[in-house]
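Student: I have a structure open and would like to walk through it with you. Where shall we begin?

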Amino acid sequence: MTMYGYARVSSKDQNLNRQLDALSAVGVSEESVFVDHLSGRNFDRPGYRSLVERLQPGDVLVVKSIDRLGRNYDEILGQWRLLTKQRSIDIVVLDMPLLDTRSTSGRGVTGKLIADIVLELLSYVAHVERDNIRQRQAEGIAAAKARAYALAALPFPSQTISTCSIRPGGAKK
(Lines give C-alpha, C1' and ligand atoms only; values in the text may rest on other atoms or scores of the structure.)
Protein backbone atom coordinates (compact mmCIF):
# COMPACT_ATOMS: atom_id res chain seq x y z
CA MET A 1 0.00 0.00 0.00
CA THR A 2 1.32 3.40 -1.04
CA MET A 3 -0.13 6.72 0.07
CA TYR A 4 -0.46 9.36 -2.66
CA GLY A 5 -1.58 12.96 -2.43
CA TYR A 6 -3.31 15.23 -4.90
CA ALA A 7 -3.36 19.03 -4.72
CA ARG A 8 -5.00 21.44 -7.16
CA VAL A 9 -5.43 25.16 -7.59
CA SER A 10 -7.22 26.81 -10.47
CA SER A 11 -4.41 29.05 -11.71
CA LYS A 12 -0.65 29.43 -11.53
CA ASP A 13 -0.88 32.54 -9.34
CA GLN A 14 -2.62 30.58 -6.57
CA ASN A 15 -0.62 28.87 -3.84
CA LEU A 16 -0.55 25.11 -3.12
CA ASN A 17 1.31 25.35 0.21
CA ARG A 18 -1.74 24.91 2.46
CA GLN A 19 -2.64 21.68 0.69
CA LEU A 20 0.94 20.43 0.50
CA ASP A 21 1.46 21.07 4.23
CA ALA A 22 -1.72 19.12 5.07
CA LEU A 23 -0.64 16.18 2.89
CA SER A 24 2.82 16.16 4.44
CA ALA A 25 1.33 16.27 7.96
CA VAL A 26 -0.48 12.95 7.37
CA GLY A 27 2.60 11.23 6.00
CA VAL A 28 2.34 11.67 2.23
CA SER A 29 5.89 11.95 0.89
CA GLU A 30 6.73 14.85 -1.40
CA GLU A 31 7.55 12.41 -4.22
CA SER A 32 4.05 10.92 -3.99
CA VAL A 33 2.16 14.19 -4.42
CA PHE A 34 0.66 15.07 -7.79
CA VAL A 35 -0.40 18.65 -8.52
CA ASP A 36 -2.33 20.61 -11.11
CA HIS A 37 -2.79 24.33 -11.70
CA LEU A 38 -6.06 23.94 -13.60
CA SER A 39 -9.78 24.35 -13.12
CA GLY A 40 -11.68 21.58 -11.39
CA ARG A 41 -14.47 21.60 -13.99
CA ASN A 42 -13.35 18.20 -15.29
CA PHE A 43 -10.72 15.54 -14.65
CA ASP A 44 -8.75 16.10 -17.85
CA ARG A 45 -5.72 17.35 -15.92
CA PRO A 46 -2.18 16.03 -16.50
CA GLY A 47 -1.25 15.65 -12.83
CA TYR A 48 -4.48 13.86 -12.02
CA ARG A 49 -4.17 11.56 -15.03
CA SER A 50 -0.60 10.65 -14.03
CA LEU A 51 -1.78 9.94 -10.50
CA VAL A 52 -4.60 7.65 -11.63
CA GLU A 53 -2.19 5.73 -13.87
CA ARG A 54 0.12 5.19 -10.90
CA LEU A 55 -2.54 4.06 -8.39
CA GLN A 56 -2.73 0.32 -7.65
CA PRO A 57 -5.36 -1.65 -5.71
CA GLY A 58 -4.86 -1.07 -1.99
CA ASP A 59 -3.23 2.37 -2.45
CA VAL A 60 -4.58 5.42 -0.66
CA LEU A 61 -5.33 8.77 -2.31
CA VAL A 62 -5.36 11.76 0.08
CA VAL A 63 -6.83 15.18 -0.76
CA LYS A 64 -7.26 18.20 1.51
CA SER A 65 -10.91 18.74 0.52
CA ILE A 66 -13.35 17.30 -1.99
CA ASP A 67 -13.35 20.48 -4.11
CA ARG A 68 -9.61 20.03 -4.69
CA LEU A 69 -10.47 16.76 -6.40
CA GLY A 70 -12.94 18.52 -8.69
CA ARG A 71 -15.92 20.83 -9.00
CA ASN A 72 -18.19 18.87 -11.33
CA TYR A 73 -20.85 16.94 -9.42
CA ASP A 74 -21.25 14.03 -11.84
CA GLU A 75 -17.53 13.70 -12.51
CA ILE A 76 -16.59 13.71 -8.82
CA LEU A 77 -19.06 10.91 -8.16
CA GLY A 78 -17.87 9.01 -11.23
CA GLN A 79 -14.20 9.27 -10.27
CA TRP A 80 -14.96 8.32 -6.66
CA ARG A 81 -16.78 5.18 -7.78
CA LEU A 82 -14.12 4.33 -10.36
CA LEU A 83 -11.33 4.55 -7.83
CA THR A 84 -13.00 3.07 -4.76
CA LYS A 85 -15.27 0.42 -6.22
CA GLN A 86 -13.70 -0.61 -9.53
CA ARG A 87 -10.02 -0.11 -8.73
CA SER A 88 -10.05 -0.77 -4.94
CA ILE A 89 -8.28 2.49 -4.09
CA ASP A 90 -9.02 4.08 -0.72
CA ILE A 91 -9.67 7.83 -0.62
CA VAL A 92 -9.15 10.12 2.37
CA VAL A 93 -10.58 13.65 2.40
CA LEU A 94 -8.73 15.40 5.22
CA ASP A 95 -11.27 18.08 6.07
CA MET A 96 -14.17 15.60 6.09
CA PRO A 97 -13.35 12.50 8.19
CA LEU A 98 -16.57 10.78 7.07
CA LEU A 99 -15.00 10.61 3.59
CA ASP A 100 -12.29 8.15 4.53
CA THR A 101 -12.97 4.87 2.75
CA ARG A 102 -10.39 3.14 4.94
CA SER A 103 -12.65 3.52 7.96
CA THR A 104 -16.03 2.90 6.31
CA SER A 105 -15.11 -0.69 5.48
CA GLY A 106 -15.13 -1.52 9.19
CA ARG A 107 -18.53 0.12 9.77
CA GLY A 108 -20.42 -2.03 7.32
CA VAL A 109 -23.29 -0.87 5.18
CA THR A 110 -24.22 2.01 7.54
CA GLY A 111 -20.77 3.57 7.27
CA LYS A 112 -20.85 3.16 3.52
CA LEU A 113 -24.28 4.80 3.33
CA ILE A 114 -23.15 7.76 5.42
CA ALA A 115 -20.01 8.22 3.30
CA ASP A 116 -22.07 8.06 0.09
CA ILE A 117 -24.55 10.66 1.39
CA VAL A 118 -21.77 13.01 2.50
CA LEU A 119 -19.99 12.55 -0.85
CA GLU A 120 -23.17 13.37 -2.77
CA LEU A 121 -23.75 16.49 -0.67
CA LEU A 122 -20.17 17.79 -0.86
CA SER A 123 -19.95 17.08 -4.59
CA TYR A 124 -23.13 19.09 -5.06
CA VAL A 125 -21.73 21.97 -2.99
CA ALA A 126 -18.48 21.96 -5.02
CA HIS A 127 -20.46 22.03 -8.27
CA VAL A 128 -22.71 24.89 -7.09
CA GLU A 129 -19.66 26.87 -5.99
CA ARG A 130 -18.19 26.46 -9.47
CA ASP A 131 -21.43 27.82 -10.94
CA ASN A 132 -21.35 30.72 -8.47
CA ILE A 133 -17.76 31.53 -9.41
CA ARG A 134 -18.73 31.69 -13.09
CA GLN A 135 -21.72 33.92 -12.30
CA ARG A 136 -19.64 36.30 -10.16
CA GLN A 137 -17.00 36.43 -12.89
CA ALA A 138 -19.61 37.25 -15.56
CA GLU A 139 -21.13 39.95 -13.34
CA GLY A 140 -17.70 41.44 -12.71
CA ILE A 141 -16.88 41.51 -16.41
CA ALA A 142 -20.23 43.12 -17.22
CA ALA A 143 -19.73 45.75 -14.51
CA ALA A 144 -16.20 46.49 -15.72
CA LYS A 145 -17.41 46.84 -19.32
CA ALA A 146 -20.23 49.16 -18.24
CA ARG A 147 -17.83 51.34 -16.27
CA ALA A 148 -15.32 51.42 -19.11
CA TYR A 149 -18.08 52.47 -21.51
CA ALA A 150 -19.30 55.15 -19.10
CA LEU A 151 -15.75 56.45 -18.58
CA ALA A 152 -15.06 56.46 -22.31
CA ALA A 153 -18.12 58.67 -22.83
CA LEU A 154 -16.80 61.33 -20.44
CA PRO A 155 -14.87 64.22 -21.99
CA PHE A 156 -11.14 64.13 -21.27
CA PRO A 157 -10.13 67.10 -19.09
CA SER A 158 -8.06 69.59 -21.01
CA GLN A 159 -6.09 70.76 -18.02
CA THR A 160 -3.59 68.84 -15.96
CA ILE A 161 -4.92 67.40 -12.75
CA SER A 162 -3.02 68.72 -9.76
CA THR A 163 -1.83 66.37 -7.07
CA CYS A 164 -1.22 66.91 -3.42
CA SER A 165 0.42 64.88 -0.74
CA ILE A 166 -0.77 64.26 2.77
CA ARG A 167 1.53 64.99 5.71
CA PRO A 168 1.82 62.39 8.47
CA GLY A 169 -0.62 64.43 10.63
CA GLY A 170 -3.20 64.35 7.84
CA ALA A 171 -2.79 67.95 6.67
CA LYS A 172 -2.28 68.76 2.98
CA LYS A 173 0.92 70.50 1.93
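Tutor: Let us begin with a charged side chain and a ring: R45 lies over the face of F43, with 4.9 Å to the ring centre. Please keep in mind that this is a predicted model.

Student: Which other ring does R45 lie over, and at what distance from the ring centre?

Tutor: R45 also lies over the face of Y48, at 5.5 Å from the ring centre.

Student: And how are the rings of F43 and Y48 placed to each other?

Tutor: Their centres are 4.9 Å apart and their planes stand at 55°, so the pair is classed as tilted. F43 and Y48 are both buried.

Student: How many aromatic pairs are there?

Tutor: The count comes to 3 aromatic pairs. One of them is formed by Y6 and Y48, an edge-to-face pair with 5.4 Å centre to centre and 80° between the planes. Because Y6 belongs to strand β1 and Y48 to helix α2 (residues 46–54), this pair ties together parts that are 42 residues apart in sequence.

Student: Are Y6 and Y48 buried or exposed?

Tutor: Both Y6 and Y48 are buried. Together with F43, these two residues form one aromatic cluster.

Student: Let me step back to the whole chain. What helices and strands does it have?

Tutor: The chain has 6 helices and 4 strands. Starting at the N terminus, the elements follow the order β-α-β-α-β-α-α-β-α-α.

Student: How much of the chain is buried?

Tutor: Of its 173 residues, 33% count as buried. As for contacts with a separation of 6 or more, 64% of them come from residues 24 or more positions apart.

Student: What order do the strands take in the sheet?

Tutor: The sheet is open, with 4 strands in the order β2-β1-β3-β4 and parallel pairing. Its edge strands are β2 (33–37) and β4 (90–93), each of which pairs on one side only. On average, neighbouring strands of this sheet are turned by 20° against each other, direction ignored.

Student: What holds paired strands together, in general?

Tutor: Strands of a sheet pair through backbone hydrogen bonds, and the pairing may be parallel or antiparallel.

Student: Then how many bridges does β3 have with β1, and how many with β4?

Tutor: Strand β1 (residues 3–9) and strand β3 (residues 60–63) pair in the parallel sense over 4 bridges. Likewise, 4 bridges join β3 to β4, and these two strands run parallel.

Student: Which residues stand opposite each other there?

Tutor: G5 stands opposite V62 in β3. On the way to β4, V63 has V93 as its bridge partner.

Student: Are the faces of β3 covered or open?

Tutor: Both faces of β3 are covered. V60 and V62 are buried on one side, while L61 and V63 are buried on the other.

Student: Changing topic: where does helix α1 lie?

Tutor: Helix α1 (residues 17–25) lies across β1, β2 and β3, and runs at about 170° to β1.

Student: Which residues of α1 are buried?

Tutor: The buried residues of α1 are Q19, A22 and L23. Seen down the helix axis, they fall within an arc of 100°, so they line one face of α1. On the other side of the helix, D21 and A25 are exposed.

Student: Why would residues a few places apart point the same way?

Tutor: An α-helix has 3.6 residues a turn, so residues three or four places apart point the same way.

Student: What do the buried residues of α1 pack against?

Tutor: They pack against β1, β2, β3 and α3 (66–69).

Student: Could you take Q19 as an example? What does Q19 touch?

Tutor: Q19 has its place in helix α1. This residue is buried, with a relative accessible area of 2%. Leaving aside residues up to four places away in sequence, Q19 touches Y6, A7, R8, V9, K64 and R68.

Key:
Residues numbered from 1 in each chain as written. Predicted model: local features only at pLDDT ≥ 70, side-chain atom pairs only at ≥ 80, totals over all residues. Heavy atoms only, no water. Pairing = 2+ DSSP bridges. Axes fitted to C-alpha atoms, helices over the stretch in contact; angles between N-to-C directions. Contact = heavy atoms within 4.5 Å. Buried < 20%, exposed > 50% of the residue type's maximum accessible area, 1.4 Å probe, protein only. Arc of directions from axis to C-beta. Phe/Tyr/Trp six-rings, centres within 6.5 Å; stacked < 30°, edge-to-face > 60°. Lys NZ or Arg CZ within 6 Å of the ring centre and 35° of its normal.
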